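Student: I have a model open on my screen and would like to go through it with you. Could we start with how the strands go together?

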Amino acid sequence: THPETPEPRATIEKPLLIYGQDLITTETMDLGGAKVAIAEGTYTTLLENVNMRVFIARNYLDTRAHREKRQRHSSELDEFTERVLRIEHEIISAHRQRADIVITRDYDVEAQN
């Protein structure tokens, strides 16, 4: 355990998004003695009390290409979404300096520090 990390817990409460119902709620997860827990998401680099942060270095154009590849509806790829992705990319790019490991867009691994 990392010195600044609190003692492991048996359960955690996490956000739960139910897209079909346009609902944001929470759920409690039983960690069942797990030795590792991975939190994945756009802003997880900002979490405190973690042992290691991984940053995936992709830009909003990569994200757009990924959405198109998954055949998202064209309404989800409109100009508004494009602007949101561009702004979000600017915000998240600054999080790279908090990372212990960076995964490049070509999936190379770069250890930081």
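Tutor: Before we look at the sheet, one term: two strands count as paired if DSSP finds at least two bridges between them. Please also keep in mind that this is a predicted model.

Student: Okay, so which strands form the open sheet, and in what order?
Tutor: The open sheet has 3 strands in the order S3-S4-S5, and its pairing is mixed. Its edge strands are S3 (54-56) and S5 (109-111), each of which pairs on one side only. From one strand to the next, the twist averages 20 degrees.

Student: And in which sense do S3 and S4 pair?
Tutor: S3 and S4, the latter covering residues 101-103, pair in the parallel sense over 3 bridges. If you want a place to look, Val-54 has Ile-101 in S4 as its bridge partner.

Student: What about S1 and S2, how many bridges do they have?
Tutor: S1 (residues 11-18) and S2 (residues 23-30) pair over 8 bridges, in the antiparallel sense. Within that pairing, Pro-15 has Thr-26 of S2 as its bridge partner. The hairpin they make has 4 residues between the strands, and there Asp-22 takes a positive phi near 50 degrees.

Student: Let's switch to H2, then. How many residues does it have, and what does it span?
Tutor: Helix H2 covers residues 79-93, which is 15 residues, and it reaches 21 Å from its first C-alpha to its last, close to the 21 Å expected at 1.5 Å a residue.

Student: Which of its residues are buried?
Tutor: In H2 the buried residues are Thr-81, Glu-82, Leu-85, His-89 and Ile-92. They lie on the same side of H2, because they cover an arc of only 100 degrees around the axis. As background, an α-helix has 3.6 residues a turn, so residues three or four places apart point the same way.

Student: And what sits on the face turned away from that buried side?
Tutor: That face of H2 carries the exposed residues Glu-79, Phe-80, Ile-87 and Glu-90.

Methods. Residues numbered from 1 in each chain as written. Predicted model: local features only at pLDDT ≥ 70, side-chain atom pairs only at ≥ 80, totals over all residues. Heavy atoms only, no water. Helix = DSSP H or I, 4+ residues; strand = E, 2+ residues; numbered from the N terminus. Axes fitted to C-alpha atoms, helices over the stretch in contact; angles between N-to-C directions. Expected span 1.5 Å × (residues − 1). Buried < 20%, exposed > 50% of the residue type's maximum accessible area, 1.4 Å probe, protein only. Arc of directions from axis to C-beta.
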